[in-house]
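This report describes selected features of a predicted model. The sequence and structure are shown first, followed by the description.

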Amino acid sequence: MAEQIISWEFKERWVNFYGKKVTERILRELKQSDPRIIAPNTLYTTRRQLQESLESQGFRFAPETPFNCLTLEFEPFNIVATSEYLSGLLTIQALTSLIPPKCLNPSSESVVADLAASPGIKTCLLAEVMENTGTLFAIEKAKKRIPALKSNITRMGIYNTFILNCDARSFPGLNVKVDHIMLDAPCTGTGLKLKKNKRLEPRILNDVTRQSVIQREILDEAWKQLKIDGTIVYSTCSLEPEEGEVQINNFLARHEKQVQVLPININIGNPGNLTRWTKVYDSQISNTRRIFPDQGMDGFFIALMKKVRE
Amino acid sequence: MQITKLTEEEIVAVSTVINEILKSDDFSQILNTHSLIKIINRRDEIYLIKNSDSLYLSSSRTSDRGKNCIILTGKIKLGFFIRGKFKIGIESLRFLANYCQNPIFLSPRQAKRFIYSKDINLRFDDTKKGLEKYSDGSMVLVFNKKRIPIGYAKILHKQDYLQLKNIIDIGIYLRSEKTAF
């Protein structure tokens with residue numbers, strides 16, 4: 001049950017920050033599980049081809065899904081056992097994973113870094129947007145998560161990616177300036193719905209503090225490696241403001257006049273809002289996006305920032 | 001990453017295996033064609049590089065960047081050397097499938113068995129394309145009916161049927177995700 005995973009401290013915080021009605025909706029939705037979303041690998045196939053090929057094997061899909069994807073309604077056997085999956089024509093993922101690569105929208109031939117990359121679903125999507133050209137650095141600290149990352153990248157037929165097994169905080173040591181950075185930061189994951197929420201121990205408030213410190217450090221180090229006019233997309237699947245709006249607000253204060261928060265062109269979610277947290281905050285926060293679990297996907301926060309000057 | 005040059009013997013070993021799979025095209029010719037450059041979207045020089053025992057197909061630009069890296073991937077890994085012998089790797093499948101002249105197509109049922117790492121027995125009469133042209137012990141590329149490459153097999157001539165001995169197939173992405181890559 002969601003109640004066992006989310007401790008009462010969090011609920012109280014959500015009531016304070018989002019209001020009672022929204023919190024009730026969040027708690028109700030966290031118990032539901034979303035259907036599987038299938039994204040075609042646009043490098044090698046199209047959505048229509050993939051749909052026809054899978055439907056001939058007995059798979060059925062919902063009529064409409066955003067972001068050019070397919071929602072699985074019925075599977076006669078596990079889709080992972082199909083030759084389409086094994087030969088890299090599709091990925092299974094959450095809808096929220098599709099947003100950061102589309103927001104970043106790197107041009108081909110640009111140099112991009114994906115920090116905290118494993119298991120590589122977003123890395124693959126980013127490489128698809130880049131049309132398999134340019135250079136993509138996938139950086140992952142945990143060595144045991146590297147094989148999954150490698151496996152996904154090779155399966156999907158991606159040739160423009162370097163995997164680096166190093167801490168995202170020591171990324172400047174490589175001395176590479178990049179055009180774009182995608183940071184799907186390690187977080188408490190309180191926005192994830194029940195099916196994916198497999199952790200045994202509930203999160204406590206200390207976790208929020210610890211993760212937000214790590215996020216701050218990664219964000220600051222990544223900022224140094226960004227070229228001028230480069231963009232960084234920051235996202236977490238957490239509902240805690242310290243990992244979302246507050247993190248970005250503090251970042252804007254630390255890097256005054258260097259950052260421009262760009263608006264995000266998606267119709268889902270609400271603009272970032274800090275009125276219930278503090279009286280004084282940067283007005284650019286309203287350009288970020290906060291998605292709640294009742295909006296058809298996991299709880300999510302996303303911000304797109306541009307480096308205006310050093 | 002330490003990039004080393006291939007010895008003459010290693011180049012022969014690689015060419016022999018890949019020419020056998022492709023049947024008609026000469027591998028060294030393919031390396032020079034424009035179409036390859038199109039496939040991996042590079043406009044610069046393309047060549048073979050070797051890192052410890054693994055063999056990659058790469059471009060000069062990516063290799064220069066890769067010198068500072070700790071782990072390197074993102075090229076087409078053709079395979080690896082074991083005691084001087086060249087073994088084909090699963091990552092090369094998508095690339096070599098573009099050049100293969102004489103592939104074997106399997107029915108959906110056979111293809112599923114093949115993906116599950118099973119050997120396939122083919123009767124001489126159920127293949128109208130002429131299985132006689134495949135000599136005993138030769139390597140072939142295996143496709144399913146939808147023209148998706150699914151693996152490599154070795155042809156074995158038995159008394160009244162042909163056996164496709166599974167060398168490597170795409171099911172490895174599931175079976176040994178943690179060890180194979």
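## The antiparallel sheet of chain A

A:Phe61 stands opposite A:Leu72 in β3(A). Strands β2(A) and β3(A) are antiparallel and are joined by two bridges; strands count as paired if DSSP finds at least two bridges between them. Helices (H or I, at least four residues) and strands (E, at least two) are DSSP runs, numbered from the N terminus. The sheet is open, with four strands in the order β2-β3-β1-β4 (chain A) and antiparallel pairing. Its edge strands are β2 and β4 of chain A, each of which pairs on one side only.

## Basis of the model

The model is predicted: local features need pLDDT of at least 70, side-chain atom pairs count only at pLDDT 80 or more, and totals for chains, interfaces and linings use all residues. Residues are numbered from 1 along each chain as its sequence is written, chains are lettered from A and ligands numbered from 1 in the order in which they are written, and side-chain values use heavy atoms, with hydrogens and water left out.

## Helices of chain A

In helix α4 (residues 47-55) of chain A, the buried residues are A:Leu50, A:Gln51, A:Ser53 and A:Leu54. Buried means under 20% relative accessible area, exposed over 50%, and partly exposed in between (1.4 Å probe, protein chains only). These residues cover an arc of only 165° around the axis, which puts them on the same side of α4(A); the arc is that of the directions from the helix axis to the C-beta atoms. The buried residues of α4(A) pack against β1 (37-40), β2 (60-61), β3 (70-74), α5 (83-86) and β4 (90-93) of chain A.

Helices α7 (residues 121-129) and α8 (residues 146-155) of chain A have axes that come within 9 Å and cross at roughly 30°. Axes are lines fitted to C-alpha atoms, for helices over the stretch in contact, and angles run from 0 to 180 degrees between N-to-C directions. The two helices α7(A) and α8(A) are therefore roughly parallel to each other (angles under 35 degrees count as roughly parallel, over 145 as roughly antiparallel, 65 to 115 as roughly perpendicular and the rest as oblique). A:Ile121, A:Thr123 and A:Cys124 of α7(A) make the contact with A:Leu149, A:Asn152 and A:Ile153 of α8(A); contact means heavy atoms within 4.5 Å. Nine of the 10 residues of α8(A) are buried, so α8(A) is largely enclosed by the rest of the structure. A:Gly157, with a positive phi near 70°, follows α8(A).

## A buried loop residue

A:Ser110 lies in the loop between α6 (99-104) and β5 (111-115) of chain A. A:Ser110 is buried, at a relative accessible area of 5%. Apart from neighbours within four places in sequence, A:Ser110 is in contact with A:Met130, A:Gly134, A:Thr135, A:Asp179 and A:His180.

## The mixed sheet of chain B

Chain B contains seven helices and 10 strands, and 50% of its 181 residues count as buried. Five of the strands form an open sheet of mixed pairing, in the order β6-β8-β9-β10-β7 (chain B). Strands β6 (104-106) and β7 (120-123) of chain B stand at the edges, each with a single partner strand, so one side of each is left without a neighbour in the sheet. On average, neighbouring strands of this sheet are turned by 40° against each other, direction ignored.

Four bridges pair β7(B) with β10 (residues 161-169) of chain B in the antiparallel sense. The bridge partner of B:Arg123 in β10(B) is B:Tyr161. Helix α6 (residues 108-115) of chain B packs on the sheet, where it touches β6, β7, β8 (139-144), β9 (149-157) and β10 of chain B. The direction of α6(B) makes about 90° with that of β9(B).
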